[in-house]
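Welcome! Have the sequence and the 3D view open, and let us walk through this protein together, one part at a time.

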Amino acid sequence: MLFHYQIGRFFLYSLPTDMRKGFDALCGTVYNEMKHIPINGDLYIFINRSRTHIKMLHWQGDGYAIFYKRLEKGTYEIPLFKINDLCVNLSTEQLLFILQGVVLKSVKKKLRYAHSYVENV
């Protein structure tokens, strides 16, 4: 596989972000405000005030990558979070819903069985 990068967790920065910020400024936000280490393999998501632009920052082992998208119409919806939270841990599904324009309030998950394997030690 030519491109294979392990992505850990997904974290959304809850404050509006200036989309002029580049690699160093976004890393500074992750380190100083979110209190995370930006080279840990997690994906950090930033959205502007009008919620029309999104940037995602990810360390890929030998350098940072930024994914940047501007919507021509519509806005990104962000999930509800506590007012004091500077970052919100997102599931894979939540991130995909945000990127696809799904209304997060209307999403209802049906109950599913999940088997958990416990190894006897």
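## Two loop residues

Let us start with Lys35, which lies in the loop between helix H1 (23-33) and E2. Helices (H or I, at least four residues) and strands (E, at least two) are DSSP runs, numbered from the N terminus. This is a predicted model, in which local features need pLDDT of at least 70 and side-chain atom pairs count only at pLDDT 80 or more, while totals for chains, interfaces and linings use all residues. Residues are numbered from 1 along each chain as its sequence is written, and side-chain values use heavy atoms, with hydrogens and water left out.

Is Lys35 buried or exposed? Lys35 counts as exposed because its relative accessibility is 65%. Here, buried means under 20% relative accessible area, exposed means over 50%, and partly exposed is in between (1.4 Å probe, protein chains only). The phi angle of Lys35 is near 60 degrees, a positive value in a residue other than glycine.

Now look at the loop between E2 and E3, where you will find Arg51. Phi of Arg51 is also positive, near 60 degrees, and this residue too is not a glycine. With a relative accessible area of 34%, Arg51 is partly exposed.

## The sheet

Five strands make an open sheet with mixed pairing, in the order E4-E3-E2-E1-E5. Two strands pair if DSSP finds at least two bridges between them. At the edges are strand E4 (64-70) and E5, each pairing on one side only. On average, neighbouring strands of this sheet are turned by 20 degrees against each other, direction ignored.

E1 and E2 run parallel and are joined by three bridges. Leu12 stands opposite Ile45 in E2. H2 packs on the sheet, where it touches E1, E2, E3 and E5, and its direction makes about 105 degrees with that of E5. For such angles, axes are lines fitted to C-alpha atoms, for helices over the stretch in contact, and angles run from 0 to 180 degrees between N-to-C directions.

## The nonpolar cores

In soluble globular proteins, nonpolar side chains tend to be buried together. A nonpolar core is a set of buried Ala, Val, Leu, Ile, Met, Phe, Trp, Tyr and Cys residues joined through side-chain atoms within 4.5 Å. How many residues does the largest nonpolar core have? It has 13, and those with the most contacts inside it are Phe10, Leu12, Leu43, Ile45, Leu90 and Leu95. The largest share of this core, three residues, comes from E2.

Contact means heavy atoms within 4.5 Å. A second, separate core of 10 residues includes Leu26, Val30, Phe46 and Leu57.

## Rings and a charge

A search of the whole structure finds three aromatic pairs. Rings of Phe, Tyr and Trp (its six-membered ring) pair if their centres lie within 6.5 Å; planes under 30 degrees apart count as stacked, over 60 as edge-to-face and the rest as tilted. Phe11 and Tyr44 are stacked, at 6.0 Å centre to centre with 20 degrees between the planes. Phe11 is in strand E1 and Tyr44 in strand E2, so this pair ties together parts 33 residues apart in sequence. Both Phe11 and Tyr44 are buried.

Finally, find Lys55, which lies over the face of Tyr68, at 4.7 Å from the ring centre. A charge sits over a ring if NZ of Lys or CZ of Arg is within 6 Å of the ring centre and within 35 degrees of the ring normal.
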